[in-house]
Amino acid sequence: MVTLTRIYTRSGDKGKTSLGDGTRVGKHDLRVEAYGTVDEANAVLGLARLHAGPEMTPLLERVQNDLFDLGADLCTPAAADEAPGTRLRMVQVQVDRLEAEIDAANESLAPLSSFILPAGSPLAAHLHHARTVVRRAERLMVALAETEAVNPLAVIYANRLSDLLFVLARVANGNGAADVLWVPGGAR
């Protein structure tokens, strides 16, 4: 567990921060961008929870906890000699749970016949916002993985999470009844 007795340390005042293994890097480092964007997605989900009812709140709370796990995974580079289970890493069961939640939520939805706009109810709009932030985090993770080791399950989790958030946004729009459909060229 983490114990914080002081919130400011002054150690980041010159644009550097520490990774989970103690390595000092610039705050603009791609790894920091990736886990910082995961943190941003988590904050957006906190806004979504303000509008969620009792049926969706526990699911969103689990996802927020998973996002802290994802951030912990990303902030600690894998060591070549890292033994399984010595660091907090995303695991297959977390991906499997997302897939089951996507399938369950999608059962009540009619198939899409058009793209939908990120709109509708306040909950749906926040879920769509979170979805786009998760997609950005995923892109950053993929870019990071081109030069450094990244847990493949971290990237897969982000990919599935954006799918779940899309489906949940449709659920929040009256199971798709209040989805705002894209009309190609409709604003000309």
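Phe115 sits in the loop between α3 (92–106) and β3 (116–117); helices (H or I, at least four residues) and strands (E, at least two) are DSSP runs, numbered from the N terminus. This is a predicted model, where local features need pLDDT of at least 70, side-chain atom pairs count only at pLDDT 80 or more, and totals for chains, interfaces and linings use all residues. Residues are numbered from 1 along each chain as its sequence is written, and side-chain values use heavy atoms, leaving out hydrogens and water.

Is Phe115 buried or exposed? Phe115 has a relative accessible area of 60%, so it is exposed (buried means under 20%, exposed over 50%, partly exposed in between, with a 1.4 Å probe and protein chains only).

## Two helices side by side

Let's turn to a helix pair. The axes of α3 and helix α5 (residues 152–172) come within 9 Å and cross at roughly 20°; axes are lines fitted to C-alpha atoms, for helices over the stretch in contact, and angles run from 0 to 180 degrees between N-to-C directions. So α3 and α5 are roughly parallel to each other (angles under 35 degrees count as roughly parallel, over 145 as roughly antiparallel, 65 to 115 as roughly perpendicular and the rest as oblique).

Asn175 lies in the loop between α5 and β4 (180–181). Although Asn175 is not a glycine, it has a positive phi of about 55°. Most residues other than glycine have a negative phi. With 37% relative accessibility, Asn175 is partly exposed.

Ala137, in helix α4 (residues 122–145), is buried, with a relative accessible area of 3%. Ala137 and Gly12 are 125 residues apart in sequence and 22 Å apart in space, C-alpha to C-alpha.
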